[in-house]
Amino acid sequence: PCFTNEATYWGTATNLVKARARFATATVGNYAVFVGGWKTGNTAMGNVDTYNESLTHTNPTNVTSRYNLAATSVGDYALFGGGGTDYYTYATVDVCDKSLTFSSATDLSSRRMQLAATTAGDRAFFGGGGTAVDVYDTSLVMTTAEDLSASRRPAYAATAGDYALFCGGGKLTVDAYDTSLTKTT
């Protein structure tokens, strides 16, 4: 353990399986998980890379190839939702548990990309890429919340206390949802 305020350089980790951009990241258990992406030539990718606290790298599986997806964690799961390619947009939600086993949750209420995700309390919020907001609890039950006040693409999200906040899409307004799914603009 380190009890100073100084940063310590640990070195480099093993490279990703494929170089890519526009992928999504989340944490689950002791793992950082990187999913999907895009590479030059407008090629969508479905690669999955994981790193544990010792920087050990694995790529346990591949998922549906897509980029501009969103990710967040809730309970014992990392969720990766939406995204697309140049020709198709997805509503898919891939789920990774603490043992790096992938499965699927209920699809988002609509297909969209350039959405955002964040977690407030015990709820994972996916919003934007349009106006829809979908919420998953720790049992991966999906609920649809009231729509955003404006279409947000690209969307950005963050958590402040018990609020999930969404902005972007060139709009000034910020939509906030509390853990009971009440929206404030």
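I take buried to mean under 20% relative accessible area, exposed over 50%, and partly exposed in between. With that cut-off I looked at strand E11, residues 133-137, and found it mostly covered, since 4 of its 5 residues are buried. I note that the model is a predicted one.

**Entry: the whole chain**

I looked up the secondary structure and found 0 helices and 16 strands. The radius of gyration is 17 Å, close to the 16 Å that the globule rule gives for 185 residues, so the chain is as compact as a globular protein of that length. I then checked the box filled by the C-alpha atoms, which is roughly 45 × 45 × 30 Å along the principal axes.

I asked what share of the 185 residues counts as buried. The figure is 43%. The chain exposes about 9300 Å², and carbon and sulfur atoms supply 48% of that area. For contacts between residues at least 6 apart in sequence, I found that 41% join residues at least 24 apart. I also looked up the charges: there are 13 positive and 16 negative side chains, and the centres of the two sets lie 11 Å apart.

**Entry: E11 and its partners**

I went back to E11 to see what it pairs with. Strand E10, residues 123-128, pairs with E11 in the antiparallel sense over 5 bridges. In this pairing alanine 124 stands opposite tyrosine 136 of E11. E10 and E11 form a hairpin with 4 residues between them, and glycine 129 in the turn has a positive phi of about 70°.

E11 also pairs with strand E12, residues 142-145, again antiparallel, over 4 bridges. Here I found valine 135 bridged to threonine 143 in E12. The hairpin of E11 and E12 has 4 residues between the strands.

**Entry: the sheet from E13 to E16**

In which order do the 4 strands of the open sheet stand? I read it as E13-E14-E15-E16, with antiparallel pairing. Strand E13 (155-160) and strand E16 (183-184) stand at the edges with a single partner strand each, so one side of each is left without a neighbour in the sheet. Strand E14, residues 163-168, is joined to strand E15, residues 171-178, by 5 bridges. Leucine 165 has alanine 176 in E15 as its bridge partner.

**Entry: backbone angles**

Most residues other than glycine have a negative phi, and most peptide bonds are trans. I looked for departures from this. Leucine 140 has a positive phi of about 70° although it is not a glycine. I placed leucine 140 in the loop between E11 and E12. Is leucine 140 buried or exposed? Leucine 140 counts as buried, because its relative accessibility is 14% and the cut-off is under 20%.

Arginine 22 is not a glycine either, and has a positive phi of about 55°. Arginine 22 sits in the segment before E1. With a relative accessible area of 40%, arginine 22 is partly exposed.

For the peptide bonds, I found a cis bond between arginine 153 and proline 154, with omega about 0°. Proline 154 lies in the loop between E12 and E13.

**Entry: glycine 11**

I found glycine 11 in the segment before strand E1, which covers 24-28. Glycine 11 counts as partly exposed, at 30% relative accessibility.

Conventions. Residues numbered from 1 in each chain as written. Predicted model: local features only at pLDDT ≥ 70, side-chain atom pairs only at ≥ 80, totals over all residues. Heavy atoms only, no water. Helix = DSSP H or I, 4+ residues; strand = E, 2+ residues; numbered from the N terminus. Rg over C-alpha atoms; globule rule 2.2 N^0.38 Å. Buried < 20%, exposed > 50% of the residue type's maximum accessible area, 1.4 Å probe, protein only. Contact = heavy atoms within 4.5 Å. Areas by Shrake-Rupley, 256 points an atom, 1.4 Å probe, with all protein chains shown as cover. Lys, Arg positive; Asp, Glu negative; His and termini not counted. Charge placed at Lys NZ, Arg CZ, Asp CG, Glu CD. Pairing = 2+ DSSP bridges.
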